[in-house]
Amino acid sequence: MNTPEENLMLRIYVSSTDAVRHVPVHEAVAYATRRYGMAGCTVYKGLMGAGRHTRLMSPTFWEIVEKVPVIIEIVDTSERIEMFLGKISCWLDRLPHGCLVCTQPVRVYPVGGTRS
């Protein structure tokens, strides 16, 4: 195992129905991570969730649109996370019900990644 690196994890909690220019916000953010060369991004779709100002979200069979919580998780250096957050903050500020943005320090152990 390689030497650990101190990085930062950015988590953004949104709804699956939140959109930026008619594109789901989780897709827009994930594609932006590639555009800005971020180290990694994963999007998780939740089963249930509730925010301070929203009702409990869970999928039901009678709804036309599935509205569930989504977590966008991005790991990179603290400088790159701060830069990226500055680039996408205008999208997040426009979400009608808001979102939750969290950062936390993480220790990354790079493993593998080379092919022979």
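This is a predicted model: local features need pLDDT of at least 70, side-chain atom pairs count only at pLDDT 80 or more; totals for chains, interfaces and linings use all residues.

Trainee: Leaving aside neighbours within four places in sequence, which residues is Val29 in contact with?

Mentor: Skip the neighbours within four places in sequence, and the contacts of Val29 are Ile12, Ile72, Ile74, Phe84, Ile88 and Trp91.

Trainee: On to the charges. How many salt bridges does the structure hold?

Mentor: Let's go through them by pair. Glu6 meets Arg107, Arg11 pairs with Glu73, and Asp76 meets Arg80. The number of salt bridges in the structure is three.

Trainee: How many residues apart in sequence are the parts that Glu6 and Arg107 tie together?

Mentor: The side chains of Glu6 and Arg107 meet at 2.9 Å, N to O. Glu6 sits in strand β1 and Arg107 in strand β6 (residues 100-108), so the parts they tie together are apart in sequence by 101 residues.

Trainee: Is Arg107 buried or exposed?

Mentor: The cut-off you need is that exposed means over 50% relative accessible area. Arg107 has 51% relative accessibility, so Arg107 counts as exposed.

Trainee: What about the pair of Arg11 and Glu73: how far apart are the closest N and O atoms?

Mentor: This pair links distant parts of the chain, with Arg11 in strand β1 and Glu73 in strand β5, 62 residues apart. The closest N and O atoms of the Arg11 and Glu73 salt bridge are apart by 2.8 Å.

Trainee: And is Glu73 buried or exposed?

Mentor: Arg11 is partly exposed, at 23% relative accessibility. For Glu73, the test is that buried means under 20% relative accessible area. Glu73 has 17%, so Glu73 is buried.

Trainee: Last one: what is the relative accessible area of Asp76?

Mentor: Asp76 meets Arg80 in a salt bridge at 3.3 Å, N to O. Arg80 is partly exposed, with 29%. Asp76 is buried, with a relative accessible area of 7%.

Notes:
Residues are numbered from 1 along each chain as its sequence is written. Side-chain values use heavy atoms; hydrogens and water are left out. Contact means heavy atoms within 4.5 Å. A salt bridge is a side-chain nitrogen of Lys or Arg within 4 Å of a carboxyl oxygen of Asp or Glu. Helices (H or I, at least four residues) and strands (E, at least two) are DSSP runs, numbered from the N terminus. Buried means under 20% relative accessible area, exposed over 50%, partly exposed in between (1.4 Å probe, protein chains only).
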